[in-house]
Amino acid sequence: MPPWRFHLRARRLEEVHSERAEFDRVKSAGQLCTGPTRHPSLHRRPNLRMRLFPPARPHSIRPLLLGTLLALVPPAHGQAPLPPSPLSGLAYDVPYFPGARYEAAVPAPEAVLGFPVGTRPATPAQIERICRALAEKSPRVRLVSYGTTHQGRPLFYLVIATPAQLARLDALKADLAQLADPRTVTAAEGDRLAATLPAVAWMAYAIHGDELSAGDGALAVAHHLAAGTGDDVKALLESLVVIIDPLMNPDGRERCLTVVAQNRTGQPSVDDQSMLHTDAWPSGRTNHYLFDMNRDWLWATQPETRGRIRAVSEWHPHYFMEGHEMGAQDTFLFMPAREPVNPNLPATAKAWEERFARDQAAAFDARGWRYYTGEWNENWYPGYSASWAALRGAIGNLYEQAGIVTDAVRRPEGTLESYRESVHKQVVSTMAN
Ligand SMILES: [Zn+2]
């Protein structure tokens with residue numbers, strides 16, 4: 001006990017003894033508790049008697065009441081909320097890239113998020129931080145800004161390639177532009193460029209801001225390609241430049257995640273009719289002024305679209321994928337598209353769509369995942385992302401994953417599909433193609 005506390009305690013004992021002596025004196029004088037004539041010293045300290053001589057009440061119910069109340073009070077856990085009750089089937093810990101090893105110098109997304117990718121949706125700010133960290137630490141990554149949203153958020157894409165290709169980006173883009181324009185290249189020169197240039201794959205995620213799994217899938221893929229030490233990653237980047245646009249609609253994603261944060265409860269919600277899974281009007285699908293940017297490629301009315309058109313036009317990608325989500329009780333849809341198909345697309349477009357679909361189907365079959373193809377997604381309107389890119393010479397592709405939003409959704413047969421599993425399907429689709 002520190003000396004000052006000892007001193008205070010001694011003083012307090014002295015005071016109690018003095019009050020006790022005063023009480024005895026007043027009591028013996030017959031001046032105790034007689035209404036208005038109560039002794040002044042007792043009037044100043046009305047609880048003294050109770051403290052010194054508690055009344056004897058052998059049959060009092062107060063201890064019983066106190067004990068009952070204490071039993072009803074939950075045990076203290078500081079300020080932390082109670083943990084949710086376990087929910088069978090909610091946990092999904094299948095690794096996205098089994099056995100993969102990574103460069104330690106390149107930060108894994110969980111180092112920024114504080115949790116493994118896909119455990120819950122990353123915010124636009126978190127996605128940006130992860131991408132900037134990858135670009136800063138990985139010699140295979142370059143971050144390129146291409147615009148600003150109405151709400152002031154940055155728009156950017158990652159170029160993931162070998163360090164040698166990144167060192168000659170301007171020359172690479174010039175070669176790609178030459179290959180893409182038959183008016184300026186001879187057949188022999190075209191063949192030479194096609195044989196020596198890497199293919200360019202443009203991976204565009206979540207133009208609808210409330211289709212969250214696509215953005216988290218992009219993070220997992222970006223880290224794998226930026227930091228993977230496996231021969232498969234190195235071989236892939238020898239023949240391919242991968243461009244990842246992980247956050248096409250950050251304003252919409254932020255709006256969606258705000259609704260999720262405001263409506264979530266301690267216990268995970270797996271009912272797809274809940275506000276968590278249905279979003280509130282106007283939802284995060286659109287941008288700040290409620291434009292559906294996946295209808296805007298033809299018209300270019302929005303700054304996001306104008307920035308993207310400039311960026312894609314610099315690269316002339318050979319492959320362009322758009323990653324989406326659809327209804328929570330759906331499964332997974334991919335190309336080829338159903339009719340109508342734009343008559344200006346080359347005859348080879350459908351053949352390529354079918355080839356990509358076979359690879360994707362094989363990857364899903366290997367995991368026992370359900371999917372379908374050739375339904376509802378038409379390929380006529382040139383304002384869709386991949387349709388616009390296909391009319392500019394790319395092979396267009398599209399993924400539609402069941403939208404889980406967060407936690408999981410209970411399906412009609414009673415099983416749960418978790419948010420993390422939905423992210424896994426975006427990752428597997430990207431790598432399969
Ligand atoms: Zn969509």
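Is W369 buried or exposed? Select W369 to begin: at 10% relative accessibility the residue counts as buried, where buried means under 20% relative accessible area, exposed over 50% and partly exposed in between, with a 1.4 Å probe and protein chains only. The model is predicted, so to speak of a local feature requires pLDDT of at least 70 and side-chain atom pairs count only at pLDDT 80 or more, while totals for chains, interfaces and linings use all residues. Residues are numbered from 1 along each chain as its sequence is written, and side-chain values use heavy atoms, with hydrogens and water left out.

Now show R367, which lies over the face of W369 at 5.7 Å from the ring centre, the criterion being NZ of Lys or CZ of Arg within 6 Å of the ring centre and within 35 degrees of the ring normal.

Next, colour the strands, which are DSSP runs (E, at least two residues) numbered from the N terminus, as are helices (H or I, at least four). Eight strands form an open sheet of mixed pairing, in the order 1-2-4-3-5-10-6-8, two strands being paired if DSSP finds at least two bridges between them. Strand 1 (141-148) and strand 8 (372-373) stand at the edges, each with a single partner strand, so one side of each has no neighbour in the sheet. Further in, select strand 3 (residues 199-205) and strand 4 (residues 240-245), which pair in the parallel sense over six bridges; W202 has I243 in strand 4 as its bridge partner. W202 also belongs to one aromatic cluster with Y146, Y157, W297, F320 and W388.

Finish at Y372, found in strand 8 and counted as buried at 17% relative accessibility. Leaving aside residues up to four places away in sequence, Y372 touches M326, D330, T331, F332, L333 and F334, contact meaning heavy atoms within 4.5 Å. Its side chain makes a polar contact with that of D330 at 3.1 Å, that is, a pair of N or O atoms within 3.5 Å of which, within protein, one must be able to donate a hydrogen and the other to accept it, residues adjacent in sequence counting only if both atoms are side-chain atoms.

Note on methods:
Rings of Phe, Tyr and Trp (its six-membered ring) pair if their centres lie within 6.5 Å; planes under 30 degrees apart count as stacked, over 60 as edge-to-face and the rest as tilted.
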